[in-house]
Amino acid sequence: MNAPVLVINCGSSSIKYALIDADPQAPRLAGLAERLGSSDARLKGKNSAGESFTQPLPNADHAEALNAILQRLEGRVPGAVGHRIVHGGEHFTQAALIDDSVIEAIETTAALAPLHNPANLAGIAATRKVFPELPQVAVFDTAFHQTLPPRAYRYALPEALYTEHGIRRYGFHGTSHAFVSQRAGELSSRGAGGWLTAHLGNGCSTAAVWNNQSLDTSMGLTPLEGLVMGTRSGDVDPGLHAHLHRQLGWSLDEIDNVLNKQSGLLGLSGLTNDMREVEDQAMAGHPGAKLALDVFCYRIAKSLAALSCALPTLDGVIFTGGIGENSPIVRREVLALLPHFGFSLDEAANEATIRGKEGKLDSAGHQGPEVWVIPTDEEGRIAMETRHCVETPE
């Protein structure tokens with residue numbers, strides 16, 4: 001398939017899109033329709049010349065936004081549409097051509113991702129109306145982690161909760177972990193091997209990847225498990241929910257809201273969920289910001305150390321995501337907490353590798369596990385999997 005792939009990442013009130021050519025070096029048309037359903041809905045993005053635009057879309061719904069996006073494709077007709085789907089449960093181990101049975105299976109996992117899957121389904125429905133003749137492909141955040149062994153994905157809960165209700169660890173950010181670990185295998189003389197990957201942004205997760213297969217990851221049944229994130233708590237004592245209910249009278253919805261939207265960097269710092277501001281305030285001596293930075297980095301290091309148990313050998317660690325790609329402070333602090341792993345950081349390279357740069361951060365002549373910064377390309381990975389699914393259907 002030589003035609004470009006239109007990648008759609010649909011939220012409840014937004015559509016992120018990218019038109020990606022078969023040539024990875026070709027310029028992309030990309031943008032975001034946001035605030036859909038409101039009077040200040042708008043479409044913003046860049047054209048093929050790299051020029052920015054903003055187009056008002058007052059009260060537009062998803063279908064109207066997709067029609068506006070179509071007008072921004074500069075006459076280039078996609079050959080397929082690739083959809084990011086957050087949760088595929090155990091139904092999907094790879095991308096799938098969308099038909100009624102695939103849609104039904106995605107619907108059955110909606111309870112596992114109530115904030116994401118219904119929005120993803122709305123995007124599929126709207127896109128099928130706009131592009132009724134094009135093949136549509138679902139690419140799942142969870143699919144890459146379906147190679148986890150039972151010892152990594154099972155919770156120590158009664159068997160029926162797994163067999164009858166699917167309660168297990170699934171993992172997320174799969175397209176990102178897959179992309180950067182594969183890229184490391186291409187860049188490093190060590191090849192595919194064993195890599196620890198750290199996707200750090202407003203959402204954060206780590207993974208242990210061996211020969212391009214995920215063996216363990218930090219997120220679980222939902223994207224709340226694991227690391228400290230922008231507004232998400234990450235791991236807490238499972239008894240916390242009952243304690244807050246009994247002592248403060250909070251409902252499950254109130255507890256869920258606090259853990260997902262008021263915790264993480266925001267909760268610890270009392271200031272913000274933006275790591276750039278947290279770092280600035282920490283350097284200025286703000287105690288909450290300093291605590292937030294310390295806890296954030298410690299929990300990443302602790303997770304990476306734990307995940308190393310899944311790897312036969314450790315070839316290196318990869319930082320990616322908005323924070324992983326742009327915060328020399330976080331990278332330095334995390335690696336400093338792992339002295340027994342034999343990493344060696346070149347400070348000049350660490351400071352210089354920001355703003356989309358790809359690079360190896362090892363000190364000269366270092367022979368131990370490597371340190372890489374690899375900008376993630378989730379849209380590119382979705383386009384690649386979409387193209388493969390269309391060209392080689394089962």
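Me: Two strands pair if DSSP finds at least two bridges between them. On that rule, why are strand 10 and strand 11 called paired?

Reply: This is a predicted model, in which local features need pLDDT of at least 70, side-chain atom pairs count only at pLDDT 80 or more, and totals for chains, interfaces and linings use all residues. Residues are numbered from 1 along each chain as its sequence is written, and side-chain values use heavy atoms, with hydrogens and water left out. Strand 10 (residues 204-210) is joined to strand 11 by 4 bridges; the rule asks for at least two, so the strands pair. They run antiparallel, and Ala 208 stands opposite Asp 216 in strand 11. Strands here are DSSP runs (E, at least two residues), numbered from the N terminus.

Me: What makes the pairing of the sheet mixed?

Reply: The open sheet has 6 strands in the order 11-10-9-12-14-13. Strands 12 and 14 run parallel, with 4 bridges, whereas strands 13 and 14 run antiparallel, with 2 bridges. In strand 14, Val 371 is the bridge partner of Val 317 and Trp 372 that of Lys 360.

Me: Why is one side of strand 11 and of strand 13 left without a neighbour in the sheet?

Reply: Strand 11 (213-217) and strand 13 (359-360) stand at the edges and have a single partner strand each, so one side of each has no neighbour in the sheet.

Me: Why are both faces of strand 14 called covered?

Reply: Glu 370 and Trp 372 on one side, and Val 371 and Val 373 on the other, are all buried, that is, under 20% relative accessible area (1.4 Å probe, protein chains only). Both faces are therefore covered.

Methods. Buried means under 20% relative accessible area, exposed over 50%, partly exposed in between (1.4 Å probe, protein chains only).
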